[in-house]
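Colleague: I am new to this structure and would like to learn how to read its features one at a time. Could we look at it together, with the general idea stated before each case?

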Amino acid sequence: MKYLIALLFLTFCHPEAPSAKKTPITFEAKVTAIKDGDTFKVFADGKETTIRLAHIDCPEKKQAFGSTAKHTASDLCFGKTVTVVSDGTVDRYKRLVVEIYVGKQCVNQQLVQKGMAWHYKKYSKSLHYANLEVLARQNKAGLWIEKDPIAPWDYRKSKRKKAIR
């Protein structure tokens with residue numbers, strides 16, 4: 001665990017180092033907070049860390065299905081001990097980008113299957129996640145029941161444009 005703490009420290013202190021290779025990280029943690037559908041807080045090794053779910057983007061809190069996505073994520077893993085798996089990627093907010101498993105079930109994948117998240121194609125080339133989204137759309141699961149759901153990245157972009165005006 002000392003290695004994990006040292007690796008996280010180096011990753012967070014030097015995320016801009018272009019020659020730094022990503023090192024895969026796997027650890028167990030307890031989910032202590034669901035900030036929104038794809039951002040959680042976990043407790044491991046005596047400290048709390050904010051993490052971002054890989055491959056997906058959930059609706060924003062004020063969007064349709066935003067609170068439903070958060071509640072679904074909470075039902076899946078809040079208060080549970082989970083396995084956190086990352087390739088070592090840290091996002092611009094210094095959150096470790098991860099997949100979370102409760103037993104053998106991947107929370108990220110379940111959120112897409114339930115129609116609570118989009119496959120975030122800008123940051124993920126996973127065909128598996130792309131297929132999960134296609135199936136959720138076909139089954140009109142969750143947010144896919146809407147006629148024209150607005151992707152969270154488009155929603156955020158429209159909010160930024162309004163703020164600039």
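Modeller: Let us begin with a word we shall need throughout: contact means that heavy atoms lie within 4.5 Å. Please keep in mind as well that this is a predicted model.

Colleague: With that in hand, which residues is Tyr120 in contact with, leaving aside its neighbours within four places in sequence?

Modeller: Once those neighbours are set aside, Tyr120 is in contact with Arg52, His55, Ile56, Asp57, Trp153 and Arg156. One of these partners, Arg156, also makes a polar contact with Tyr120, side chain to side chain, at 3.1 Å.

Colleague: Where is the place of Tyr120, and is Tyr120 buried or exposed?

Modeller: Tyr120 sits in the loop between strand E8 (118–119) and H4. Buried means under 20% relative accessible area, and Tyr120, at 12% relative accessibility, therefore counts as buried. Sequence distance and spatial distance should be read separately, for Tyr120 and Ala54 are 66 residues apart in sequence, while their C-alpha atoms are 8.3 Å apart in space.

Colleague: How should I read the aromatic rings, and how many aromatic pairs does the structure hold?

Modeller: The angle between two ring planes decides the kind of pair, with under 30 degrees counted as stacked and over 60 as edge-to-face. The structure holds four aromatic pairs. In one of them, Trp118 and Trp153, the ring centres are 6.2 Å apart and the planes stand at 70°, so the pair is edge-to-face. Because Trp118 belongs to strand E8 and Trp153 to helix H5 (residues 152–164), this pair ties together parts that are 35 residues apart in sequence. Trp118 is buried, with a relative accessible area of 5%, whereas Trp153 is partly exposed at 29%. Tyr120 and Trp153 form a pair that is stacked, with 5.2 Å from centre to centre and 10° between the planes. This pair, too, links distant parts of the chain, since Tyr120 lies in the loop between E8 and H4 and Trp153 in helix H5, 33 residues apart.

Colleague: Which residues form one aromatic cluster?

Modeller: The cluster is formed by Trp118, Tyr120, Tyr123, Trp144 and Trp153.

Colleague: How many residues does the largest nonpolar core have, and which of them have the most contacts inside it?

Modeller: A nonpolar core joins buried residues through side-chain atoms, and the largest one here has 30 residues, those with the most contacts inside it being Phe27, Phe40, Leu53, Ile56, Ile100, Val107 and Leu111. The largest share of this core, five residues, comes from E1. A second, separate core of six residues includes Ala136, Leu143, Trp144 and Ala151. To return to Leu53, its contacts beyond four places in sequence include Phe40, Val97, Ile100, Val107 and Leu111.

Colleague: Finally, how far may I rely on the predictor's confidence, and what is the average pLDDT of the chain?

Modeller: Since pLDDT is the predictor's confidence in each residue, from 0 to 100, it should be read along the chain as well as on average. The chain averages a pLDDT of 90, and 87% of the residues score at least 70. Over residues 2–19, however, the pLDDT is below 50, and this stretch has 16 contacts in the model beyond near neighbours in sequence.

Technical notes:
Residues numbered from 1 in each chain as written. Predicted model: local features only at pLDDT ≥ 70, side-chain atom pairs only at ≥ 80, totals over all residues. Heavy atoms only, no water. Core = buried A, V, L, I, M, F, W, Y, C linked by side-chain atoms within 4.5 Å. Buried < 20%, exposed > 50% of the residue type's maximum accessible area, 1.4 Å probe, protein only. Helix = DSSP H or I, 4+ residues; strand = E, 2+ residues; numbered from the N terminus. Polar contact = N/O pair within 3.5 Å; in protein donor to acceptor, adjacent residues only side chain to side chain. Phe/Tyr/Trp six-rings, centres within 6.5 Å; stacked < 30°, edge-to-face > 60°.
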